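Please look over the sequence and the model first, then read the notes below.

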Amino acid sequence: MKCLKEQLNVKKVRHNMAKEITFRIYIPSKVIADKKIYRAVLPYGGKNLTVMEGRSPVLLALDMGVISVLNEENQVIEEYLIANGAADITEDSCTILTEGAFNTNDLTLDKIHEMQIGTVNPYYDWMAHYLEEKEKLRK
């Protein structure tokens, strides 16, 4: 049987090697994202919750908001706008279940306005406002 010091060293090496987690976003009709990422920031409880390798497992309800995918330098490399949903977080994965999710790279104000025709949906209104504010910051 290995001594405690050897067990801790093995765990430390594994921890340093496995920095990525499996990240998935599902809506009822399809998979929006399925990839390996370094870190994600989720909208939870009116604040942000960071998910990274080694986090304690938890199942929680998400707010409508932005999921930011970060690289190792903590720079946002991708964003998803989600409706309310749930996150199933384990030590090496983060799975999001939501009614609506869009990658901001695939989203335009025109596309949102098309979705809004004939419907009142606070999620679409929020997405339009978010993109408008983001565009103002770029100028």
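The model is predicted.

**Overall make-up**

- The chain contains 3 helices and 10 strands.
- Read from the N terminus, the order of elements is α-β-β-β-β-β-β-β-β-β-β-α-α.
- The chain has 139 residues, of which 36% count as buried.
- Among the contacts in the chain with a separation of 6 or more, 49% are accounted for by residues 24 or more positions apart.

- An open sheet is formed by 5 strands in the order 2-1-9-8-5, and its pairing is mixed.
- Its edge strands are strand 2 (30-37) and strand 5 (58-62), each of which pairs on one side only.
- On average, neighbouring strands of this sheet are turned by 15° against each other, direction ignored.
- Strand 1 (residues 21-27) pairs with strand 9 (residues 93-98) in the parallel sense, over 5 bridges.
- Within this pair, Phe23 stands opposite Cys94 in strand 9, and Arg24 stands opposite Thr95 in strand 9.
- Strand 8 (residues 85-90) pairs with strand 9 in the antiparallel sense, over 6 bridges.
- Thr90 stands opposite Ser93 in strand 9, and a hairpin of 2 residues joins strand 8 to strand 9.
- Strand 9 is mostly covered, with 5 of its 6 residues buried.
- As background to these pairings, strands of a sheet pair through backbone hydrogen bonds, either parallel or antiparallel.

- Another open sheet is formed by 5 strands in the order 4-3-6-7-10, and its pairing is antiparallel.
- Strand 4 (47-52) and strand 10 are at the edges with a single partner strand each, so one side of each has no neighbour in the sheet.
- From one strand to the next, the twist averages 25°.
- Strand 3 (residues 39-44) and strand 4 are paired in the antiparallel sense over 6 bridges.
- In that pair, Ala40 stands opposite Val51 in strand 4.

**Helix 2 and helix 3**

- The axes of helix 2 and helix 3 (residues 122-138) come within 10 Å and cross at roughly 165°.
- Angles over 145 degrees count as roughly antiparallel, and helix 2 and helix 3 are therefore roughly antiparallel to each other.
- Their crossing is left-handed.
- On the helix 2 side, the contact is made by Leu109, Ile112, Met115 and Gln116.
- On the helix 3 side, the contact is made by Tyr124, Asp125, Met127, Ala128, Leu131 and Glu132.

- Not counting residues up to four places away in sequence, Val66 touches Val41, Pro43, Glu79, Tyr80, Leu81, Trp126 and Tyr130.
- Val66 and Tyr130 are 64 residues apart in sequence, while their C-alpha atoms are 9.2 Å apart in space.
- Thr104 lies in the loop between strand 10 (101-103) and helix 2 (109-116).
- Thr104 counts as buried because its relative accessibility is 12%.
- Not counting residues up to four places away in sequence, Thr104 touches Glu79, Leu81, Tyr130 and Lys134.

**Aromatic rings**

- A search of the whole structure finds 4 aromatic pairs.
- Ring pairs link Phe102, Tyr123 and Tyr124 into a cluster.

How values were computed. Residues are numbered from 1 along each chain as its sequence is written. This is a predicted model: local features need pLDDT of at least 70, side-chain atom pairs count only at pLDDT 80 or more; totals for chains, interfaces and linings use all residues. Side-chain values use heavy atoms; hydrogens and water are left out. Rings of Phe, Tyr and Trp (its six-membered ring) pair if their centres lie within 6.5 Å; planes under 30 degrees apart count as stacked, over 60 as edge-to-face and the rest as tilted. Two strands pair if DSSP finds at least two bridges between them. Helices (H or I, at least four residues) and strands (E, at least two) are DSSP runs, numbered from the N terminus. Axes are lines fitted to C-alpha atoms, for helices over the stretch in contact, and angles run from 0 to 180 degrees between N-to-C directions. Buried means under 20% relative accessible area, exposed over 50%, partly exposed in between (1.4 Å probe, protein chains only). Contact means heavy atoms within 4.5 Å. Angles under 35 degrees count as roughly parallel, over 145 as roughly antiparallel, 65 to 115 as roughly perpendicular and the rest as oblique. A crossing is left-handed if the near helix is turned anticlockwise from the far one by less than a right angle, and right-handed if clockwise.
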